[in-house]
Amino acid sequence: MMTSQTSRVAFGYPWTPYRIEHRPTYGPHTKEELQRLLDLLAEAGVRAWWYSVATKGSYPMFPSNYLPYRDDAVDYLPWLVKEAHARGIALFSWEYLTTAPLLAEAKPEWRWKFFDWDGPQIPRDKHYVCWNSPYGELLKKYCVEVVDELGFDGIWFDGAFMHGHGATGTFACCCDFCAAKYRKQTGRELPRTIDLREESVREYLEWRYSDHTEYWRDLSAYVRARDPQALIVFNYFNRFGSGIKAGSPLRRMAGDAPQWPDSHAHGPMEGMISTEVGHSPQQTMLLGKILRAVNDNYPVELWAYGRDTVAVGTPDPHPGPMLLHAYQCAAIGGFPSFGMGPLQGCRHLFPVLTAKLEPLAPYIPGIPEKTVGLVVSGCTKDYGYIDETHPDGQEGTAWNATLGMHNLLNALRLPSEVLLDNMLSDEFLTAFQAVVLPDVRCMSDDSGAALRRYVEHGGTLLAIGDTATHDELGRPRDQGLLDDLFGIVWRDQTSIAASLALESPLTSTVDPATGLAADGLPPTYQLPGALHLVRSESAEVLAAAKYNTQRERVFSTRGIKRPDGDIVEGAAILRRCVGSGQAIWVAPNIAEAYGRVGPNHYSRVLVDRLLTH
């Protein structure tokens with residue numbers, strides 16, 4: 001339940017059942033328009049509203065002492081905050097983190113300078129200003145103006161990313177300020193181009209993650225030091241379709257100890273994390289869990305369009321789709337926010353949302369059940385597939401493996417929580433009954449040592465695919481970091497799909513009428529996902545497989561034939577008892593296939609048998 005102390009933070013914003021985004025477009029509102037909107041929201045029970053002290057495109061509407069502002073600056077913003085509070089509504093200002101077009105025009109040397117981009121610049125690209133320039137300090141002071149002088153309860157930062165909007169393939173920023181800071185902190189020069197096959201580029205990207213987080217923390221701490229009840233919310237961009245170009249680290253940002261390998265790291269993240277989601281229920285739940293792993297100082301927030309189906313700004317939209325989104329948020333301990341079109345068409349919507357969601361609010365900031373820890377590896381997403389794809393990597397492969405295993409565990413009704421790369425430590429691992437590594441190719445020595453201790457002390461570790469075959473920067477290892485834990489002594493380098501010949505104890509009685517196993521797996525079957533067979537001298541082989549090395553296809557009028565070749569045999573599923581726990585390795589990348597292709601019955605049965613029997 002909410003307490004009087006916590007409810008004072010940002011006028012109770014972090015605990016409001018849902019939030020509404022509706023802000024100025026190309027010009028300010030009148031007081032009469034705002035009065036009508038305030039009354040509408042108050043009558044419907046809406047308790048949190050994103051407005052903005054700037055019009056669309058980040059043009060401030062008030063006479064700021066720090067950033068250039070519009071000529072038609074208004075004086076109604078303190079009045080608006082007062083009227084909102086009188087109605088019990090928390091009022092936030094929506095802002096872009098790195099967009100300041102009027103400042104960029106006045107100070108072009110402060111703009112972002114993109115890597116790998118010599119094509120035409122769209123107009124908005126000239127709006128981005130780098131926080132390593134003097135703009136970074138001006139923005140902090142501007143934020144204090146908004147929350148301290150204008151009275152807003154906090155700031156919701158959209159555009160909290162590092163790549164140029166619309167400039168496909170760019171990585172920002174390589175301006176003179178960034179180059180000088182990088183040189184001072186690392187002793188190295190910025191890379192000239194972005195090619196993930198170059199180790200120096202990967203080192204730079206790790207620094208960029210740290211620099212991004214450092215500024216988030218500094219800005220939030222600066223504002224909170226001057227207004228302890230204000231709150232900064234960051235729209236987190238390391239998600240499906242964004243990834244490494246966004247610059248938002250897929251690492252935990254909370255905790256008293258520094259989480260970064262550089263000396264200028266700071267302590268706890270004082271802000272709040274939000275993100276935008278698509279319309280896949282499973283994707284929404286996974287993103288919410290990722291946010292909570294990144295930072296759980298406050299309940300997380302997930303934004304979606306306020307809509308009926310796919311049309312934004314639908315007049316008088318039905319509450320059904322938005323309630324579904326809200327319930328998905330509640331399932332992972334978070335609150336929803338909605339981007340709305342004209343609010344006048346929502347008189348029937350908001351009261352329904354309030355009536356349905358208000359009773360849920362006190363129960364959402366709970367402690368999740370720690371059953372299965374699902375490892376979501378940013379290092380693997382960024383660097384795990386460099387040798388197999390184009391120079392920009394293939395983040396989609398890692399996302400598919402993560403989402404696939406999450407969906408598979410959901411189908412088995414096994415509650416899962418996310419573990420990020422820098423959470424693979426005794427502090428976090430010991431809370432889980434089992435930990436699953438879905439093709440987590442990249443892993444540090446420290447993480448590997450913590451996983452060994454976890455198994456020795458009674459945990460169940462399930463690894464899928466080519467787990468721990470690279471270090472944290474994507475450098476291939478001569479031997480997999482955890483191979484001896486699983487009992488692996490040799491890996492075949494040919495990747496292929498194969499039928500698996502199972503051995504006891506996974507097989508069960510087969511119904512002769514159907515040929516299907518009643519409660520398990522048939523003696524021979526095929527799993528989706530490429531695999532590398534292995535050999536073991538110390539582990540129990542739960543499934544073996546073989547394949548023909550001659551993979552060329554010969555086309556004829558009678559179909560496809562495979563010429564004879566060498567036959568490779570090996571283990572595809574291993575189990576090894578270590579201490580009081582067990583380490584299990586499954587060769588076929590069933591996680592990636594489950595996310596890319598879709599559900600597979602035998603994959604579910606296999607994981608169920610391995611984790612619960």
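Helices here are DSSP runs of H or I with at least four residues, and strands are runs of E with at least two, numbered from the N terminus. By that count the protein has 17 helices and 23 strands. The model is a predicted one.

**Stop 1: the whole protein**

Show everything and colour by burial. Of the 613 residues, 57% count as buried. Next, think about contacts between residues at least 6 apart in sequence. Of these, 77% join residues at least 24 apart.

**Stop 2: the nonpolar cores**

Select Trp49, Leu97, Leu219, Phe350 and Leu606. Within the largest nonpolar core, which has 154 residues, these five touch the most other members. A second core is separate and holds 30 residues, including Ala179, Leu205, Trp207 and Phe237. In soluble globular proteins, nonpolar side chains tend to be buried together.

Centre on Leu219. What is Leu219 in contact with, leaving aside its neighbours within four places in sequence? The list is Leu97, Leu139, Lys140, Cys143, Phe157, Ile232 and Phe234.

**Stop 3: helix α2**

Select residues 31-44, which form helix α2. Check the length. The 14 residues should span 20 Å at 1.5 Å a residue, and the end C-alpha atoms are 20 Å apart, so the two agree.

Colour Leu34, Leu37, Leu38, Leu40, Leu41 and Ala44; these residues of α2 are buried. Look down the helix axis. The buried residues fall within an arc of 165°, so they line one face of α2. Turn to the other side of α2, where Glu32, Arg36 and Glu43 are exposed.

What do the buried residues of α2 pack against? Display β2 (48-51), α3 (77-86) and α10 (349-357), the elements they pack against. Then step past the end of the helix. Gly45 follows α2, and its phi is positive, near 85°.

**Stop 4**

Select Ser58, in the loop between β3 (54-55) and β4 (59-60). Its phi is near 70°, a positive value in a residue other than glycine. Most residues other than glycine have a negative phi. Is Ser58 buried or exposed? Its relative accessibility is 7%, so Ser58 counts as buried.

Thr99 sits in the loop between β5 (90-96) and α4 (101-106). With 4% relative accessibility, Thr99 counts as buried.

**Stop 5: strand β11**

Select residues 372-376, strand β11. Here 5 of the 5 residues are buried, so the strand is largely enclosed by the rest of the structure. Show the side-chain directions. Val372, Leu374 and Val376 point one way, while Gly373 and Val375 point the other way.

Now bring in the neighbouring strands. β11 pairs with strand β12, residues 416-420, in the parallel sense over 5 bridges. Strand β13, residues 434-438, also runs parallel to β11, and 3 bridges join them. Pick Gly373. Opposite it in β12 stands Glu417, and its bridge partner in β13 is Val435.

**Stop 6**

Select His406 in helix α12, residues 395-411. At 0% relative accessibility, His406 counts as buried. Show its contacts, leaving aside neighbours within four places in sequence: Gln282, Met285, Leu286, Lys289, Leu374 and Ser416. Leu374 takes you back to β11.

Move on to Arg413, in the loop between α12 and β12. It is not a glycine, yet its phi is positive, about 60°. Is Arg413 buried or exposed? The relative accessibility is 73%, so Arg413 counts as exposed.

**Stop 7: Ala501**

Finish with Ala501 in strand β16, residues 499-502. At 38% relative accessibility, Ala501 counts as partly exposed. Draw a C-alpha to C-alpha distance to Thr524. The pair are 23 residues apart in sequence and 4.8 Å apart in space. Then display Pro523, Ala543 and Ala544. Ala501 touches these three, not counting residues up to four places away in sequence.

Technical notes
Residues are numbered from 1 along each chain as its sequence is written. This is a predicted model: local features need pLDDT of at least 70, side-chain atom pairs count only at pLDDT 80 or more; totals for chains, interfaces and linings use all residues. Side-chain values use heavy atoms; hydrogens and water are left out. A nonpolar core is a set of buried Ala, Val, Leu, Ile, Met, Phe, Trp, Tyr and Cys residues joined through side-chain atoms within 4.5 Å. Buried means under 20% relative accessible area, exposed over 50%, partly exposed in between (1.4 Å probe, protein chains only). Contact means heavy atoms within 4.5 Å. The expected span of a helix is 1.5 Å times one less than its number of residues. The arc is that of the directions from the helix axis to the C-beta atoms. Two strands pair if DSSP finds at least two bridges between them.
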